[in-house]
Amino acid sequence: MKISYNWLKQFLKTDWNSEETAALLTDLGLEVEVVEKYQSVKGGLEGIVVGHVLTCVPHPDADRLKLTTVDLGTGTPIQIVCGAANVDAGQKVPVATIGTVLYDKEGAAFTIKKGKIRGQESHGMICAEDELGLGTSHDGIMILDASLVPGTKASEVFKIENDEVFEIGLTPNRADAMSHLGTARDLRAGLLQSGVNVELITPSVSNFRVDMRTLKIDTIIEETTLAPRYCGVTISGITVKPSPSWLQDRLKAIGINPKNNIVDVTNYVLHELGQPLHAFDASKINGKIIVKTVPAGTKFTTLDDVERTLHEEDLMICDEKGPLCIAGVFGGKNSGVSEHTTSIFLESAYFNPVSIRKTAKRHQLNTDASFRFERGIDPTITAYALKRAAILIQEMAGGEITSDVSDVYQKKIEDFSVFLNFANVAKIIGQEIPKDTIKQILVSLEIKVNSISEAGLGLTIPSYRVDVQREIDVIEEILRVYGYNNISFSKKFNATVSNSPRNEDYKLQNIIATQLNSQGFNEMMANSLTTASYVQLSDMLKEEYNVTMLNPLSNDLATLRQSLLFSGLEALSYNINRKNSDLKLFEFGKTYHKFLSGFEEHKHLTLFLTGNRNQESWTSAQKPSDFFLFKGYVDAILARFGIQKTQNSPVTSDVFSEGIAIGTGHNALVEFGVVKKSILKHFGIKQEVFYADFNWDVIIKMISSKIKFVEIPKYPEVRRDLALLIDQSVTYDNIYAIARKTEKTLLKDINLFDVYEGQNLPEGKKSYALSFIIQDSTKTLTDAQIDKIMGKLQHNFESELGAILR
């Protein structure tokens, strides 16, 4: 939101500079993100002075140029070469002196320099109005008033508007501050707390009067819950034309392009008071104004020339023939003000915020009016803002007010009542604030004090403060105006030691996140909202399990995700398309499911690996990531948590072309493997992607908080190798299980260090080279003991797997 400081000073007569004011607004909760300079004419006409043309003769070497001598008030006339046909002796003209910076139509700067034109020196430039930014004409130079004194600054002649604009990062709850009046109201409270007593000056509407009652347009409100208050008035005999420069400057300063005097006034009052207005061409209204909903499917063309299909809940401003405007959101093409308009019906209303928000989102419209209506405006100023706008329109466009103000307000929106307990104020803030200071702050915020007791205050909150409805909200108001920086804190240091469990979720997440980060992984956070159609990519996911949003922002964010895979693939695709194809990502997140028994959430940890495992270097060749590298990352996570005695099984999820599931008993811990190409194709990914999905909830339950300490063995370990010729169908898991069953005590580790398939081997066979680590923690093993163990292993491999020792 942009706030003009000059405009703000119309409400508060303050001599504070912009930096002090910005700091105070920020302390009050209206965070000023930046303060920008604004000039009604770019450059502020710096270096432009009034010149008196003393002589004007043809250029000796150019037919279309003239030599002039110009008095700039310095006592020494200068020579300027000018190409304008209308330049002549005796004129007062604007002159850009040497060093002046001017701007072309595209806003590009150029500097006036001393130079020679066709052999004649030129010490400046006599300017046309478009060269100065004062208009669009380039027919000739500007001729100024003959009474002006040479040397007078052009900025004084044309009254350049110099302003400073606050860019305020307004939070959604501060609907009351969405105007210059609202910001001034807050600023006044802050100034009072700083010891500066200023009066809040609001625009007067005492001059409003009905000139004649010749154009009455009745209003009927059919949907009183959606339009609690609706005001209107007619103005006839107007002339639609450009607004005066002061009004245009006010709008330009806050980033609004002026259109015509009628539209500009409605925009001006919107940003001045926070009340949206709409002007209808009265000649295009057939009969009465009717505020109602229309049947679903009704077609309506808005001001942007787009035909929209209306919803049965869209509130519309209609006449007896059909819709004229989407209430509180956007006007209609066929009822708007044009240059031919001579009479208008001016609307000022309070609409239901929820209804306006739904309509705006439904039609993907975000206007200044809807922005305010959907957050809640002040229902008490509806008629006041209408009168304010009507007076301004008469000033800008002439005309007469030709009807009484119609004000339909069947059920008044009441103020809120809150009791403020002094003890709670001190408890929440952590410091006792004087009671008189509390009352002063509340009164400065237009919160009425109805009753006073030793315990607290009985308060009435204005209806426009939709964010202040509870005692805690009032305490927050007191604190922000009193000043967070004014709250003292004790120098005494207090510390407590809490007995928190070691297996808290966030601690375990940090452990694994640190481990993965050290292995080159980056953490990602994807939106829990996703596209509903993603479930169609896997038979394991069901559309009926989708948890859908009642009022989604878009179709792409309509459903809570059932899997973290697809949001991860979106991230991979985004990076790959931007030439970042070597990726290691992980995410902690939840999936959401709707079952007959109710809604469920499940916590997951997912890993993604794609591209090369290392960067290109002259010392080492690039090597693509593979399944076994990825399996190592997965195993390392389970090992870090001390999860042992797991079983491997084929993966059940159909998102993998190949993969492994690791579990213990009936608990599935993780599924990982290569993502199917058909799924990758949906995201435009052409390279191999490895994906792991950890069931975090199960892992948390399995982790034991007990720590076991084992003494480091004193006695040496022994390694023995076997090279086995086995069938192609035999897996490493088969060998591992037999080895563990054969020797449970002394066999410490088994490792597969070579696999060979190819020439010199019988068909259907392969060769595994395995190492076995044997160790006794109580004594040194003898050769006889070692040979006995290896003999048992060889025998069992031969008998159970048909293995042959190579």
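Which residues lie nearest the centre of the largest pocket? They are Lys631, Asn648, Tyr732, Asp733 and Tyr736. Welcome to this structure, which is a predicted model.

**The largest pocket**

- The largest pocket holds about 1,600 Å³ of space, and 34 residues line it.
- Three helices or strands to look for here are helix H16 (627-640), strand S34 (647-650) and strand S35 (656-664), each of which supplies at least two lining residues.
- Helix H19 (732-742), strand S39 (747-756) and strand S40 (765-774) also supply at least two residues each.
- The biggest share of the lining comes from H16, which gives 6 residues.
- Sorted by class, this lining is made up of 16 nonpolar, 10 polar and 8 charged residues.

**The cavities**

- Searching the whole structure turns up 2 cavities of 30 Å³ or more.
- The largest cavity contains about 70 Å³ of space, and of its 13 lining residues, Thr530, Thr531, Tyr534, Arg561 and Gln562 are the closest to its centre.
- Strand S31 (559-560) and helix H15 (565-576) each bring at least two residues to the lining of the largest cavity.
- In the largest cavity, the lining counts 7 polar, 5 nonpolar and 1 charged residues.
- The second largest cavity has a volume of about 30 Å³, and its lining is formed by Asp176, Arg185, Asp186, Leu445, Tyr464 and Arg465.
- Of the residues lining the second largest cavity, 4 are charged and 2 are nonpolar, with no polar ones.

**The cysteines**

- A disulfide is a covalent bond between the sulfur atoms of two cysteines.
- The count of disulfides in this model is 0.

- In the model, the C-alpha atoms at the ends of residues 42-155 are 11 Å apart.
- That span, residues 42-155, is 36% strand and 5% helix.

Conventions
Residues numbered from 1 in each chain as written. Predicted model: local features only at pLDDT ≥ 70, side-chain atom pairs only at ≥ 80, totals over all residues. Heavy atoms only, no water. 1 Å grid on protein atoms, 1.4 Å probe; cavity = no way out; pocket = protein on both sides within 12 Å on 5 of 7 lines; lining within 4 Å. Points joined across faces, edges and corners; volume = space filled by probe spheres on them. Helix = DSSP H or I, 4+ residues; strand = E, 2+ residues; numbered from the N terminus. Nonpolar A, V, L, I, M, F, W, Y, C, P; charged D, E, K, R; others polar. Disulfide = S-S within 2.5 Å.
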